[in-house]
Amino acid sequence: MNTLLGKGAPTMRSDTSRPLPPKPRFMYGREREKASILTVLLNPSSPARVAILGAGGIGKTTLAISVLYDPSVIERYDSRFFVACDGVTSAELLLTELANVLRLPRNQLDENMHDLVLASFRRDSQEHVLLCFDNLETAWDNLATRRACR
Ligand SMILES: Nc1ncnc2c1ncn2[C@@H]1O[C@H](COP(=O)(O)OP(=O)(O)OP(=O)(O)O)[C@@H](O)[C@H]1O
Ligand SMILES: [Mg+2]
């Protein structure tokens with residue numbers, strides 16, 4: 001499962017965050033799926049949420065990354081993040097991964113990681129942020145973890 005969360009509002013953060021995975025070199029088809037995702041993500045009423053579901057290897061990650069590189073998405077979203085969630089089996093690990101992607105200062109993370117991650121997104125209410133969680137099912141399939149992740 002790939003999940004794209006678009007949040008209206010947040011300022012360009014400094015470009016220290018982890019780079020996106022490379023743009024897929026080939027992507028055949030998927031025009032309809034991509035168009036539906038773009039419709040949701042570019043809708044002015046935010047936040048936007050999209051889940052990409054499908055069998056293993058069917059192309060979920062490829063589609064999600066191609067969306068992250070779409071010119072209309074680049075224009076709309078000031079910041080785009082890709083959060084790899086393989087092995088993320090708890091809300092705490094999800095937060096850690098988010099903190100890693102955002103490259104938040106390690107020395108501050110132990111005490112108040114949750115607050116720091118949230119503060120990073122709330123820092124400026126004019127920025128538009130797009131988060132892509134890849135393989136989120138690792139955390140989502142466990143009901144207790146799912147509740148904590150929310
Ligand atoms: N539309 C496409 N055109 C060409 N190649 C594709 C396409 N979609 C996926 N692929 C290729 O198929 C392989 C699997 O794709 P991808 O990793 O996106 O699948 P996935 O659904 O995310 O898999 P998993 O469930 O294991 O996470 C990759 O090598 C990718 O390059
Ligand atoms: Mg994948």
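The chain has seven helices and four strands. This is a predicted model, so please keep that in mind throughout. Along the sequence, the order of these elements is β-α-β-α-α-β-α-α-β-α-α. The chain has 150 residues, and 23% of them count as buried.

I will start with the contact between two helices. Helix 2 covers residues 60–68, and its axis comes within 10 Å of the axis of helix 1. The two axes cross at roughly 50 degrees. As for handedness, helix 1 passes helix 2 in a right-handed crossing.

Which residues make the contact? On the side of helix 1 they are Glu33, Lys34, Ile37 and Leu38. Helix 2 contributes Leu63, Ser66 and Val67. Sorted by class, this contact has four nonpolar residues, one polar residue and two charged ones.

Next, the ligand. Ligand 1 has 15 residues around it. Which of them come nearest? They are Gly56, Gly59, Lys60, Thr61 and Thr62. By class, the shell around ligand 1 has eight polar, five nonpolar and two charged residues.

Most residues other than glycine have a negative phi. Arg30 is not a glycine, yet its phi is positive, at about 65 degrees. Where does Arg30 sit? Arg30 is in the loop between strand 1, residues 2–7, and helix 1, residues 31–41. Is Arg30 buried, exposed or partly exposed? A buried residue needs 20 or more C-beta neighbours within 10 Å, and an exposed one has 12 or fewer. Arg30 has 14 inside that distance, so Arg30 counts as partly exposed.

The second case is Arg103. Its phi is also positive, near 55 degrees, and Arg103 is likewise a residue other than glycine. Arg103 lies in the loop between helix 4, residues 91–102, and helix 5, residues 106–122. For Arg103 the count is 14 C-beta neighbours inside 10 Å, so this residue counts as partly exposed.

Methods: Residues numbered from 1 in each chain as written. Chains lettered and ligands numbered in written order. Predicted model: local features only at pLDDT ≥ 70, side-chain atom pairs only at ≥ 80, totals over all residues. Axes fitted to C-alpha atoms, helices over the stretch in contact; angles between N-to-C directions. Left-handed = near helix turned anticlockwise from the far one by under 90°. Contact = placed C-beta atoms within 7 Å. Nonpolar A, V, L, I, M, F, W, Y, C, P; charged D, E, K, R; others polar. Near = placed C-beta within 6 Å.
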